[in-house]
Amino acid sequence: MEVSSIRNGVIIDHVPAGTALEVLAYLDIDPASTRLALVMNAPSTRYGTKDIIKMEGDVPVDLEALAIVAPRATVAIVENGVITGKHAPTLPDRVVNVIRCVNPRCVTGSERGLDHVFYRVPGRHAFRCEYCDEEALR
């Protein structure tokens, strides 16, 4: 399988195998309106298998949201066919409107317009809701 290189855009590499569509959802990127290529279950010497997302154009990537769903991913910026920068996501201490609270009794489920705010659990890859203290699945 061969996927052509991109001239200007973003490459998200080292995405856990099988999670590329979930990553796009977390990043709020619509595959129907974004020119992109997904390579799923590609061989990886570091992880065995991985997914790769290539997107043409100026597509903003929220590194904090990416850190939640794919903490080992890397983001490469491509300009004129050359990688001009690489970024690694860092797990934030606080996220707003990236994770949704799953607690049915949480105020975020009944109050419209209320931000979903989560704080990281110290020493873990987990987050707790600011309002009800429910731990998020991701």
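**How the sheet gets its labels**

Me: Glycine 9 sits across from valine 78 in strand 4. What makes strand 4 a strand, and which strand pairs with it?
Reply: Strand 4 covers residues 74-79, and a strand here is a DSSP run of E with at least two residues, while a helix is a run of H or I with at least four, both numbered from the N terminus. Its partner is strand 1, antiparallel, over five bridges. Pairing takes at least two bridges found by DSSP, so five is enough. By the way, this is a predicted model, where local features need pLDDT of at least 70, side-chain atom pairs count only at pLDDT 80 or more, and totals for chains, interfaces and linings use all residues. Residues are numbered from 1 along each chain as its sequence is written, and side-chain values use heavy atoms, with hydrogens and water left out.

Me: What does strand 1 do with strand 3?
Reply: Those two also run antiparallel, joined by six bridges. Glycine 9 shows up here as well, standing opposite glutamate 56 in strand 3.

Me: Why is strand 1 called mostly covered?
Reply: Strand 1 spans residues 9-16, and seven of its eight residues are buried. Buried means under 20% relative accessible area (over 50% is exposed, in between is partly exposed; 1.4 Å probe, protein chains only), so those seven fall below the 20% mark.

Me: How do you know that strand 2 pairs with strand 3?
Reply: Seven bridges join strand 2 to strand 3 (residues 48-56), and the two run antiparallel. Within that pair, alanine 37 faces lysine 54 of strand 3.

Me: What is the strand order in the open sheet, and which strands are its edges?
Reply: Five strands make up the open sheet in the order 2-3-1-4-5, with antiparallel pairing. From one strand to the next the twist averages 20°, an angle between N-to-C directions, on a scale from 0 to 180 degrees, of lines fitted to C-alpha atoms.

Me: How many helices and strands does the chain have?
Reply: Three helices and eight strands, running β-α-β-β-α-β-β-β-α-β-β from the N terminus.

Me: What share of the chain's contacts joins residues 24 or more positions apart?
Reply: Among contacts with a separation of 6 or more, 56% do; a contact means heavy atoms within 4.5 Å. As for cover, 38% of the 138 residues are buried.
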